[in-house]
Amino acid sequence: MMGGFSSAADEREANDLDCNTAEAFERSEDCAFNWKASIDNEDFINNSQRVIRIRCACMRAVEGRARFGEPDWGGWLITPFSNYYNGTSYIDTGVVRLVDREVKLQNGFGAMVNSIASCTYDLEQDEVISVSVD
């Protein structure tokens with residue numbers, strides 16, 4: 001096998017994913033399912049299968065705090081909670097902090113107000129720790 005792959009099927013799949021070595025292929029698979037295998041926060045956000053679940057949990061937490069109606073997340077082309085912190089803190093601590101700068105929440109007068117929502121998620125407990133809206 002070329003590149004250290006254990007099977008021809010793994011080598012074909014790695015070529016489809018543009019992984020040129022067995023180590024890169026294994027790391028991309030590990031990172032998708034094991035947050036501790038991520039290199040840094042960006043790697044986790046871009047490759048982990050858990051990010052969608054985290055974003056949904058954060059959205060539900062904000063929706064639960066909304067006092068005057070449903071939040072406006074910006075439509076189907078916008079990814080809620082798409083802002084994240086640089087560095088390796090997510091991997092080091094197991095705590096993910098995401099921010100949404102596009103959400104609009106209704107105030108007591110019925111107007112939609114631009115807001116910033118922050119969400120903290122514990123990867124070990126698999127739950128939202130805190131959420132704040134400014």
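1. Aromatic pairs. The model is predicted, and the count comes to 2 aromatic pairs. Rings of Phe, Tyr and Trp (its six-membered ring) pair if their centres lie within 6.5 Å; planes under 30 degrees apart are stacked, over 60 edge-to-face, and the rest tilted. Helices (H or I, at least four residues) and strands (E, at least two) are DSSP runs, numbered from the N terminus. Phe44 counts as buried at 1% relative accessibility. Tyr90 is also buried, at 1%. Here buried means under 20% relative accessible area, exposed over 50%, and partly exposed in between (1.4 Å probe, protein chains only).

2. The tilted pair. Trp73 and Phe81 form a tilted aromatic pair, 5.7 Å centre to centre with 45 degrees between the planes. Trp73 is buried, with a relative accessible area of 9%. Phe81 is buried at 0%. Phe81 sits in the loop between H4 and strand S1 (83–84). Its phi is near 55 degrees, a positive value in a residue other than glycine.

3. Basis of the values. The model is predicted: local features need pLDDT of at least 70, side-chain atom pairs count only at pLDDT 80 or more, and totals for chains, interfaces and linings use all residues. Residues are numbered from 1 along each chain as its sequence is written, and side-chain values use heavy atoms, with hydrogens and water left out.

4. The sheet. An open sheet of 4 strands has the order S1-S2-S5-S6, with antiparallel pairing. S1 and S6 stand at the edges with a single partner strand each, so one side of each has no neighbour in the sheet. Two strands pair if DSSP finds at least two bridges between them. Strand S2 (residues 95–100) is joined to S5 by 6 bridges and runs antiparallel to it. Within that pairing, Val99 stands opposite Ser118 in S5.

5. Strand S5. This strand is largely enclosed by the rest of the structure, because 5 of its 6 residues are buried. On the S6 side, 6 bridges join S5 (residues 117–122) to its antiparallel partner. Ser118 stands opposite Ser132 in S6. Thr120 has Ser130 as its bridge partner in S6. Asp122 stands opposite Glu127 in S6.

6. The hairpin turn. S5 and S6 form a hairpin with 4 residues between them. Asp126 lies in the loop between S5 and S6. Asp126 is not a glycine, yet it has a positive phi of about 60 degrees. At a relative accessible area of 33%, Asp126 counts as partly exposed. Both positive phi values deserve a look on the model: Phe81 near 55 degrees and Asp126 at about 60 degrees.

7. Val128 is found in strand S6 (residues 127–133). At 25% relative accessibility, Val128 counts as partly exposed. Beyond residues up to four places away in sequence, Val128 touches Ala57, Cys58, Ala61, Cys119, Thr120 and Tyr121. Contact means heavy atoms within 4.5 Å. The C-alpha atoms of Val128 and Arg55 are separated by 9.9 Å, with the two residues 73 apart along the chain.

8. The largest pocket. Its volume is about 230 Å³. On a 1 Å grid over the protein atoms alone, a pocket is an open set of points where a 1.4 Å probe fits, with protein on both sides within 12 Å along at least five of seven lines; lining residues have an atom within 4 Å of a point. Grid points are joined across faces, edges and corners, and the volume is the space filled by probe spheres set on the points. The lining consists of Val62, Arg65, Ala66, Arg67, Phe68, Gly69, Leu105, Gln106, Asn107, Val113, Ser115 and Val133. Helix H4 (51–65) and strand S3 (104–106) each supply at least two of the lining residues. The lining divides into 6 nonpolar, 4 polar and 2 charged residues. Ala, Val, Leu, Ile, Met, Phe, Trp, Tyr, Cys and Pro count as nonpolar, Asp, Glu, Lys and Arg as charged, and the others, Gly among them, as polar.
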